[in-house]
Amino acid sequence: MELVSTRNSKKIVSFRNAVLDCIPGDGGLYVPSGEEDLRPWIMYMDETTKFQAIAGTLTAALLKEELSPVVSERIAASAFGPYSPELRQLDDHLFSLELFHGPTGCHKDFGLMWLSSALEHILTMEDRTAVVLAATAGVTGRSMAAAFSGKKRLKMILVFARGTLAGLDPKDLAWNGGNIWPVEVDGNLQEAQNLVRSVYSERDLVERYGLTLANTMNIGRLLPQVFFYMYAFTRIRKKVH
């Protein structure tokens, strides 16, 4: 998959570059340079195909130039394990895709789990480390911590307003041997976000510490949404026209 900046279509980067250094120097966002035809892959899936298998197959289809099928399957297996969305049929024509079946009950779990797994595998192959710095609060912070906990080549720094972050597992925290660093600041969420933005605006800091984002500015957070929509399609394709 080739990606380009929304402000410069001639700046083409790989998925690896976009996920590890997700803010182009021109201030744009990385998006796919073209469309991928996934029909040959999807049409062989049905209601018996497990979510983890769908994620592994589509990872291989989308990133075939960079990741082997074996690595793609390992990324999906490490990311999702026993977790899967669920599709509920409400009536003859209406279905509900439930995304609260992750480790924290937050719909963001699935995107964050895949992003952290993909980053960990890429960093392992390159024998390097990276740091994810994020301003957050409440359930999003818990979801981020759960997704990134235990990673050997990733550290996560969560910047949050005083009293707004709770529910973290103590064993995941840095002073207990984990890789999650919560940083409480005096101020509100907007001020925490401004602090993080100021860090990312310093290009030398981004390069020196291998900083990257875990929000939807990172293509690695958006790509997994393909998986759960295709999962829903496999469940309804034989039931509706």
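The lining of the second largest pocket in this predicted model divides by class into five nonpolar, three polar and six charged residues. The space within the second largest pocket amounts to about 190 Å³. Its lining comprises 14 residues, and those closest to the centre are Arg16, Asn17, Leu20, Asp21 and Arg203. Strand 2 (8-14), helix 1 (15-20) and helix 8 (203-209) are the elements that each give two or more residues to this lining.

Asp21 also belongs to the lining of the largest cavity, together with Cys22, Ile23, Tyr200, Val206, Leu211, Thr212 and Leu213. The volume of the largest cavity is about 30 Å³, and a search of the whole structure finds one cavity of 30 Å³ or more. The class composition of the cavity lining is six nonpolar, one polar and one charged residues.

Leu213, a lining residue of the cavity, leads on to the largest pocket, where Leu213 is among the residues nearest the centre, along with Ala134, Ala135, Gln193 and Asn215. The largest pocket holds about 430 Å³ of space and has a lining of 20 residues. Two or more of these lining residues come from each of strand 6 (130-135), helix 6 (138-148) and helix 7 (189-200). Helix 7 supplies the largest share, namely five residues. By class, the lining of the largest pocket consists of 12 nonpolar, five polar and three charged residues.

Two packed helices are described by the angle between their axes and the distance between the axes. Helix 3 (residues 51-62) and helix 4 pack with axes 8 Å apart, at an angle of about 140 degrees. Helix 3 is therefore oblique to helix 4, and their crossing is right-handed. On the side of helix 3, the contact is made by Phe51, Gln52, Ala55, Gly56, Thr59 and Ala60, and on the side of helix 4 by Pro69, Ser72, Glu73, Ala76, Ala77 and Phe80. Seven nonpolar, four polar and one charged residues make up this contact of helix 3 with helix 4.

Helix 4 (residues 69-80) also packs with helix 5 (residues 109-126): their axes come within 8 Å and cross at roughly 135 degrees. The relation of helix 4 to helix 5 is therefore oblique, and the crossing is right-handed. Helix 4 contributes Val71, Arg74, Ile75, Ser78, Ala79 and Phe80, which meet Phe110, Met113, Trp114, Ser117, Ala118, His121 and Met125 of helix 5. The contact of helix 4 with helix 5 contains nine nonpolar, three polar and one charged residues.

Phe51, Ile54, Ala55, Leu58 and Thr59 of helix 3 meet Val226, Phe227, Phe228, Met230, Tyr231, Thr234 and Arg235 of helix 10. This contact of helix 3 with helix 10 has nine nonpolar, two polar and one charged residues.

Definitions and conventions:
Residues numbered from 1 in each chain as written. Predicted model: local features only at pLDDT ≥ 70, side-chain atom pairs only at ≥ 80, totals over all residues. Heavy atoms only, no water. Axes fitted to C-alpha atoms, helices over the stretch in contact; angles between N-to-C directions. Helix = DSSP H or I, 4+ residues; strand = E, 2+ residues; numbered from the N terminus. Parallel < 35°, antiparallel > 145°, perpendicular 65-115°, else oblique. Left-handed = near helix turned anticlockwise from the far one by under 90°. Contact = heavy atoms within 4.5 Å. Nonpolar A, V, L, I, M, F, W, Y, C, P; charged D, E, K, R; others polar. 1 Å grid on protein atoms, 1.4 Å probe; cavity = no way out; pocket = protein on both sides within 12 Å on 5 of 7 lines; lining within 4 Å. Points joined across faces, edges and corners; volume = space filled by probe spheres on them.
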